[in-house]
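Have the coordinates open while you read.

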Amino acid sequence: MYAEAPIVREMNRMTAFRFVASAALLAAGTLAAGAAQAQGSLTLYCSVQEEWCRPMAQAFERETGIRVNMTRKSSGETYAQIKAERQNPRGDVWWGGTGDPHLQAAEEGLLAEYRSPMLRELHDWAVRQAEISKYRTVGIYSGALGYSFNTRTLAQRGLPEPKCWRDLARPEYRNEIQVADPNSSGTAYTMLATLVQLFGEEPAFEYMKRMHRNVNQYTRSGAAPARAAATGESLIGITFLHDAVTQVVAGAPVKIVAPCEGTGFEIGSMSIVRGTRNMANARKFYDWALSPAAQNLGAAANSFQLPSNKNATIPPQAPKMEDILLIEYDFVRYGSAAERERLLQRWTREVRSGS
């Protein structure tokens, strides 16, 4: 149905490294010579999970002596905060979260241009993110969209296994699905944009209206539905597949599904806030965060995205992108301010509030 996406071709060439979490933590957290002296501060807006945000901030502090003030919010919330602060920026670096809001922020002049010397070490899909944003953001990891379901709950209720996107609109899953709100969550916006590209806009919105009847909660965080499926709070959670892997590694009775029709993917991104008062420290963090040692902290924190540095370790638990049918996700169009705002407004009006 779809040609093999460029990211798949790139990832098929990746070398699988043996992952040792303790070695990753040691490599990224080792004190650099002479770094004991305080070197100022950095305000970090972090849009991955708290369990990954904290070790990133702590490791950078240990290695550089730069004090990090970290705030964790979802991608949509961070974008809104940076936009609200544009006349008086308070943040220095926005690290993590889906690339679409980063691209929108870049288009709106909220981010600073920076061409890191680390670009030469990155995969083509990460560099492409920098190029299309005029070097105002960069790819730091990638992951495919899908969902997971609780196998125990499914068996108890005698329900069929969902295998495709279309299954999630079936009436037997009434009140059984949890997904984030795309206004606050980059994960959910990726779902919205994916369905529009996969089915066409009108059929996609008709589908989401039907699926809306099956949704028991729209969360603020994109990863929260994976935890809900793991605990049995909800039968099905729509998330990026790596968020579901985190629950599997923790022993949860869930099965991960890459939808049969095909699916979209994210390029998690990093940006420097335009107007930062700490540009030197922001660039230090930016370069460090693109290093293999820093990127290996993800899996050590039980986050199983695919890192953008060619020399970083690929966690063995990470979803195999070559086994997933990926669409040719149009980051330029769906990361644009006009298209993103238009789709979000339509979703709010017709899906969230329309029934």
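This is a predicted model: local features need pLDDT of at least 70, side-chain atom pairs count only at pLDDT 80 or more; totals for chains, interfaces and linings use all residues.

## The core

A nonpolar core here is a set of buried Ala, Val, Leu, Ile, Met, Phe, Trp, Tyr and Cys residues joined through side-chain atoms within 4.5 Å. Buried means under 20% relative accessible area, exposed is over 50%, and partly exposed is in between, with a 1.4 Å probe and protein chains only. The largest such core has 88 residues, and Trp95, Trp165, Met270 and Phe285 touch the most other members. Helix H8 (residues 186–199) supplies the largest share of this core, 8 residues. Apart from it lies another core, of 9 residues, including Tyr45, Ile82, Ala105 and Leu110. As a reminder, in soluble globular proteins nonpolar side chains tend to be buried together.

Helices and strands are DSSP runs numbered from the N terminus (H or I, at least four residues, for helices; E, at least two, for strands). Contact means heavy atoms within 4.5 Å. Leaving out residues up to four places away in sequence, Met270 touches Val93, Trp94, Trp95, His102, Thr137, Val138, Ile140, Phe285, Tyr286, Ala289 and Leu290.

Residues are numbered from 1 along each chain as its sequence is written, and side-chain values use heavy atoms, with hydrogens and water left out.

pLDDT is the predictor's confidence in each residue, from 0 to 100. The protein chain has a mean pLDDT of 90, with 89% of its residues at 70 or more. Residues 1–38 are the stretch to treat with care: pLDDT stays under 50 there, and the model has 73 contacts for them beyond four places in sequence.

Met270 belongs to one face of strand E10. This strand (residues 265–273) has 9 of its 9 residues buried. In a regular strand the side chains alternate between the two faces of the sheet. In E10, one side carries Phe265, Ile267, Ser269, Ser271 and Val273, the other carries Glu266, Gly268, Met270 and Ile272, and both sides are covered.

Which strands pair with E10? Two strands count as paired if DSSP finds at least two bridges between them. Strand E3 (residues 93–95) runs antiparallel to E10 and is joined to E10 by 3 bridges, with Val93 opposite Ile272. Strand E4 (residues 111–112) is also antiparallel, over 2 bridges, and Leu111 has Val273 as its bridge partner. Strand E5 (residues 138–150) pairs with E10 in the antiparallel sense over 6 bridges, and Gly139 stands opposite Ser269.

## Rings meeting rings

Rings of Phe, Tyr and Trp (its six-membered ring) pair if their centres lie within 6.5 Å; planes under 30 degrees apart are stacked, over 60 edge-to-face, and the rest tilted. By that rule there are 13 aromatic pairs. Tyr218 and Trp347 have ring centres 5.3 Å apart and planes at 90°, so they count as edge-to-face. They link distant parts of the chain: Tyr218 is in strand E7 (residues 215–219) and Trp347 in helix H16 (residues 337–352), 129 residues apart. Both are buried.

Phe265 and Tyr329 make a tilted pair, at 6.2 Å centre to centre and 55° between the planes. Phe265, Tyr329, Phe331 and Tyr334 form one aromatic cluster.

A charge sits over a ring if NZ of Lys or CZ of Arg is within 6 Å of the ring centre and within 35 degrees of the ring normal. Arg115 lies over the face of Tyr135, 3.9 Å from the ring centre. The charged end of Arg340 is over the ring of Tyr79, 5.5 Å from its centre.

Tyr79 is one of the buried residues of helix H4. In H4 (residues 75–84), 7 of the 10 residues are buried, and these pack against strand E1 (41–46), E3, helix H5 (99–107), H8, E10 and H16.
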